[in-house]
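Here's a quick walk through the model, going from the whole chain down to a few single residues. Have the viewer open as you read.

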Amino acid sequence: MSPIAVDGPELLIGTAEVYVALMRPEIDPTQPGVLIAARDAGVSPEEFAGTGDVWTLMYDVDGEGDGFELPGARDVEADAFAEQLQQALSAAEPFTVEAGNFLSLEARPSGGDWVVTARVTPPEDEEDGAAGPRTLELGALPAAELLADLEDFRRTLA
């Protein structure tokens, strides 16, 4: 099967081994891989691709990835979170920034990096929701890269 390309705004914070990602996946229903997968699933390509307007929070710790949808989340809320995070990083003081009740980032400066801890709280109706919040140590992340990623993310939302 052909690979299916996924576009849409995405903010990834962390490393290849440990991360949180706020994203709104968009899939083009005309892709060959989507056409094949839709046919195999017995649905239309548009139904298989989805609406492209549902935000998702994904997280991964050493290959143990998971995530959940954020129904009702809007681009303006994702942008407000990114703006709040940009301002906190620019202040160069320890901070906590929250995105609703599902993501909290705590960070403190360390040289040219930020040591970031994420607290992910899946909704109770999700499989992992009953287990409660997960804490992910994202490590020391370069300040310049974080700010550039935030700027790129906000540009995709504009």
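Predicted model: local features only at pLDDT ≥ 70, side-chain atom pairs only at ≥ 80, totals over all residues.

Helix 1 itself covers residues 32-41, and its buried residues are Gly 33, Val 34, Ala 37 and Ala 38. Those four span an arc of only 125° around the axis, so they end up on the same side of helix 1.

What do the buried residues of helix 1 pack against? Their partner is helix 2, residues 45-49. Look at the face turned away from the buried side of helix 1 and you'll find exposed residues instead: Pro 32, Arg 39 and Asp 40.

## The chain as a whole

Zooming out, the chain has four helices and eight strands. In sequence order they run β-β-α-α-β-β-α-β-β-β-β-α.

Of the 158 residues, 36% count as buried. If you take the contacts with a separation of 6 or more, 51% of them come from residues 24 or more positions apart.

## Helix 3 against helix 4

Now for a helix pair. As a reminder, two packed helices are described by the angle between their axes and the distance between the axes. Helix 3 (residues 75-91) and helix 4 (residues 143-157) pack at an angle of about 155°, and their axes are 10 Å apart. An angle over 145 degrees counts as roughly antiparallel, and helix 3 and helix 4 are therefore roughly antiparallel to each other. Their crossing is left-handed.

Which residues make the contact? On the helix 3 side they are Asp 75, Ala 78, Asp 79, Ala 82, Glu 83, Leu 85, Gln 86, Leu 89 and Ser 90. Helix 4 brings Leu 146, Leu 147, Leu 150, Glu 151, Phe 153, Arg 154 and Leu 157. Sorted by type, the contact of helix 3 with helix 4 has nine nonpolar, two polar and five charged residues.

## Gln 86, inside that contact

Gln 86 is a residue of helix 3 and one of those in the contact with helix 4. Is Gln 86 buried or exposed? Its relative accessible area is 12%, and the cut-off for buried is under 20%, so Gln 86 is buried. Setting aside neighbours within four places in sequence, Gln 86 is in contact with Leu 147, Leu 150, Glu 151 and Arg 154.

## Ala 92, in the loop

Ala 92 is in the loop between helix 3 and strand 5 (95-99). Its phi is positive, about 60°, although Ala 92 is not a glycine. Ala 92 is partly exposed, with a relative accessible area of 45%.

## Met 58, on a strand

Last stop: Met 58, which lies in strand 3 (residues 55-61). With a relative accessible area of 29%, Met 58 is partly exposed.

What does Met 58 touch, not counting residues up to four places away in sequence? The list is Tyr 19, Val 20, Ala 21, Met 23, Asp 66 and Gly 67. Take Tyr 19 from that list: along the chain Tyr 19 and Met 58 are 39 residues apart, while their C-alpha atoms are separated by 8.1 Å.

Technical notes
Residues numbered from 1 in each chain as written. Heavy atoms only, no water. Buried < 20%, exposed > 50% of the residue type's maximum accessible area, 1.4 Å probe, protein only. Helix = DSSP H or I, 4+ residues; strand = E, 2+ residues; numbered from the N terminus. Arc of directions from axis to C-beta. Contact = heavy atoms within 4.5 Å. Axes fitted to C-alpha atoms, helices over the stretch in contact; angles between N-to-C directions. Parallel < 35°, antiparallel > 145°, perpendicular 65-115°, else oblique. Left-handed = near helix turned anticlockwise from the far one by under 90°. Nonpolar A, V, L, I, M, F, W, Y, C, P; charged D, E, K, R; others polar.
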